Amino acid sequence: MEGGAAGALASLWPVASQATYALIQRTLEEIHQTDASPAQALRRAQLRLRDDPEVFIGTGQGMGPAAPDAPPDDSANPCRSPYYWAAFSLFGA
């Protein structure tokens, strides 16, 4: 943020790339398609990733390799666990 960015989105622990991609994609869609603040957009994206399996499936990607401490896959919605969406925090915006 010293370089002039208004804020930064960061993960507090390692998360599968595909889950990160889906979350960032939905966050940016919320920012650009609604009047949501970055914090509101992130929260909405987290809830959608948690509740709607189509959000993740729509990325056309599988989960990829999971971290050793990742929870078991839920075939109905692989991102239902907070492990995949709760790691992200917005700083400064």
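This is a predicted model: local features need pLDDT of at least 70, side-chain atom pairs count only at pLDDT 80 or more; totals for chains, interfaces and linings use all residues.
First, the overall layout. The chain has four helices and two strands. If you walk along from the N terminus, the order of elements is β-α-α-α-α-β. There are 93 residues in the chain, and 31% of them count as buried. Now, about the contacts: take those between residues at least 6 apart in sequence, and 66% of them join residues at least 24 apart.

Okay, back to the opening question. Helix α1 is residues 17-33 and helix α2 is residues 38-51, and their axes cross at roughly 130°. The two axes come within 8 Å. As for handedness, α1 goes past α2 in a right-handed crossing.

Who is doing the touching? On the α1 side we have Ala19, Ala22, Leu23, Arg26, Thr27, Glu30 and Ile31. On the α2 side the list is Pro38, Ala41, Leu42, Arg44, Ala45, Gln46, Arg48 and Leu49. Sort that contact by class and you get nine nonpolar, two polar and four charged residues.

If you like reasoning about spacing, here is the general point: an α-helix has 3.6 residues a turn, so residues three or four places apart point the same way. With that in your head, have a look at the buried residues of α1, which are Gln18, Ala19, Ala22, Leu23, Arg26, Thr27 and Glu30.

Let me zoom in on Gln46, which sits in helix α2. Is Gln46 buried or exposed? Its relative accessible area is 8%, and the cut-off for buried is under 20%, so Gln46 counts as buried. Beyond its neighbours within four places in sequence, Gln46 is in contact with Leu23, Trp85, Ala86 and Phe88. Leu23, remember, is one of the α1 residues in the helix contact.

Ala16 is in the loop between β1, residues 8-11, and α1. Ala16 is buried, at 9% relative accessible area. Along the sequence Ala16 is 63 residues from Cys79, yet in space the two are 9.9 Å apart, C-alpha to C-alpha.

Next up, the loop between α3, residues 53-57, and α4, residues 82-85, which is where you'll find Asn77. Asn77 counts as buried, with a relative accessibility of 4%. Which residues does Asn77 touch, leaving aside its neighbours within four places in sequence? Those are Leu49, Arg50, Asp51, Asp52 and Pro53. From Asn77 to Asp52 is 25 residues in sequence, and 7.3 Å between C-alpha atoms.

Ser81 is in that loop between α3 and α4 too. Ser81 comes out as partly exposed, at 21% relative accessibility.

Last one, up at the start of the chain. Ala6 is in the segment before β1, and with a relative accessible area of 64%, Ala6 is exposed. Ala6 and Phe91 are 85 residues apart along the chain, and 8.8 Å separates their C-alpha atoms.

So, the picture to take away: α1 and α2 crossing at roughly 130°, with Gln46 buried and touching Leu23, Trp85, Ala86 and Phe88. That's it from me.

Conventions
Residues are numbered from 1 along each chain as its sequence is written. Side-chain values use heavy atoms; hydrogens and water are left out. Axes are lines fitted to C-alpha atoms, for helices over the stretch in contact, and angles run from 0 to 180 degrees between N-to-C directions. A crossing is left-handed if the near helix is turned anticlockwise from the far one by less than a right angle, and right-handed if clockwise. Contact means heavy atoms within 4.5 Å. Ala, Val, Leu, Ile, Met, Phe, Trp, Tyr, Cys and Pro count as nonpolar, Asp, Glu, Lys and Arg as charged, and the others, Gly among them, as polar. Buried means under 20% relative accessible area, exposed over 50%, partly exposed in between (1.4 Å probe, protein chains only).
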